[in-house]
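Dear colleague,

My notes on it follow directly below.

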Amino acid sequence: MDRVPLEQKVLSENDRLAAALRARFAERRVLCLNLISSPGAGKTSLLEKTLERLDPGERVAVLTGDIQTDNDARRLARFGFPVRQITTGGTCHLDARMIERSLTGWRPDAFDLLFIENVGNLVCPTSYDLGEAAKVVVLSVTEGEDKPLKYPGIFHRSSLMVLNKIDLLPYVPFDPDAAEANARRVHPGLEALRVSTLTGEGFDGWLAWLRAQRERHAQAATAPLAG
Amino acid sequence: MHELGIATAVLDAVRTEARRRPGARVRRVGLRLGEVGGVDRDALTFCFEAITRDTELDGLVLDIEHCPLRHRCPACDRTFEVARFETQCPICGCRDTVCVGGDELELAYLEVDDDGPGTPGTEGPQ
């Protein structure tokens with residue numbers, strides 16, 4: 001009996017495609033963000049409110065994933081930015097191949113900020129790299145504040161946690177400080193923001209975070225290669 | 001429930017490796033699964049058995065090594081297992097520790113039997 005070492009990622013094919021996408025985004029100075037949450041936490045609402053507040057001249061695009069329907073794409077297309085729906089037909093997450101296919105035909109200079117709204121699911125999207133610069137996890141105050149401990153994978157891999165629906169805080173027994181503390185137990189140093197996609201509270205902070213990411217990304221892309 | 005996709009990716013890798021070793025029988029495949037990797041061990045085992053049954057790889061054993069969440073302390077340079085997400089260094093008390101393991105989803109090894117009858121489909125040119 002021989003033991004042959006393999007030492008490769010299980011999802012190496014997805015990782016290969018994601019690396020190609022990441023290189024493409026870097027070359028075109030596109031900041032790509034992968035939004036992940038449970039169903040109903042407010043990913044689409046966060047994007048709606050964000051697109052509504054962005055200057056129409058900004059070069060922003062959205063890919064939105066769902067198991068069925070193009071409802072989200074129709075909701076998001078109202079703001080005039082290019083939007084495409086990815087309907088997975090049952091698959092519980094987006095993968096790099098779906099992103100690659102969905103980008104075909106878009107002009108390379110059409111956008112420098114790409115939002116990917118993943119399928120509502122806190123588990124499966126965690127494993128699939130989409131070539132994004134950062135994952136953003138959206139949690140809402142109608143969920144449990146211990147969710148970061150129950151679903152550590154996504155909080156571990158995200159760069160930012162957006163706590164949504166803070167307009168409901170007076171009506172629900174949810175402690176936002178405890179939720180953030182739980183998230184930081186899983187991921188020390190995780191950035192966190194609080195917003196209401198209904199009232200717009202906290203959006204200045206979210207838009208400032210986006211601006212900072214875009215600036216940092218553009219600088220990184222223009223920096224000369226080391227060596 | 002993306003474990004079916006993960007199981008399929010494991011089998012694809014096994015078949016690729018089996019084709020490189022015509023005449024050898026693949027007995028066991030080793031996988032490293034991290035604590036925060038987001039893959040359920042039982043669901044993965046169930047899917048793996050379901051998609052190998054009645055195929056040339058029927059009976060292939062999936063050996064899953066559980067990889068706990070591990071952090072390294074930059075102050076004292078020790079690596080420790082994180083229990084209940086307590087990331088503070090147990091030796092020197094430093095709070096600013098760095099994750100160095102626990103999100104693995106990796107193929108570790110294959111065990112192949114070169115003496116017995118080969119895995120069907122691996123003999124001869126492909």
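The secondary structure of chain B consists of two helices and six strands; helices (H or I, at least four residues) and strands (E, at least two) are DSSP runs, numbered from the N terminus. Read from the N terminus, the elements of chain B follow the order α-β-α-β-β-β-β-β. Chain A holds eight helices and eight strands.

Please note that this is a predicted model, in which local features need pLDDT of at least 70 and side-chain atom pairs count only at pLDDT 80 or more, whereas totals for chains, interfaces and linings use all residues. Residues are numbered from 1 along each chain as its sequence is written, chains are lettered from A and ligands numbered from 1 in the order in which they are written, and side-chain values use heavy atoms, with hydrogens and water left out.

Overall dimensions

The C-alpha trace of chain B spans about 60 × 30 × 20 Å along its principal axes. Its radius of gyration is 19 Å, whereas a compact globule of 126 residues would have one near 14 Å. That radius is taken over C-alpha atoms, and the globule rule is 2.2 Å times the number of residues to the power 0.38. For chain A, with 227 residues, the rule gives a value near 17 Å, and the 18 Å of chain A agrees with it. The C-alpha atoms of chain A fill a box of roughly 60 × 55 × 45 Å along the principal axes.

The interface

In the interface, 32 residues of chain B are in contact (heavy atoms within 4.5 Å) with 25 residues of chain A. The two chains bury about 2600 Å² between them, 57% of it on carbon and sulfur atoms; buried area is the accessible area (1.4 Å probe) that two parts lose on being put together, summed over both. On the side of chain B, His2(B), Phe85(B) and Leu107(B) lose the most area to chain A, together 23% of what that side buries.

Three salt bridges are counted between chain B and chain A, a salt bridge being a side-chain nitrogen of Lys or Arg within 4 Å of a carboxyl oxygen of Asp or Glu. In one salt bridge, the side chain of Glu111(B) meets that of Arg3(A) at 2.9 Å, N to O.

Within chain A

Over all chains, the whole structure has 25 salt bridges. Arg16(A) and Glu13(A) form a salt bridge through their side chains (2.8 Å, N to O). These two residues are separated by about one helical turn, because they lie three residues apart in helix 1 (residues 12-27) of chain A.

With kind regards
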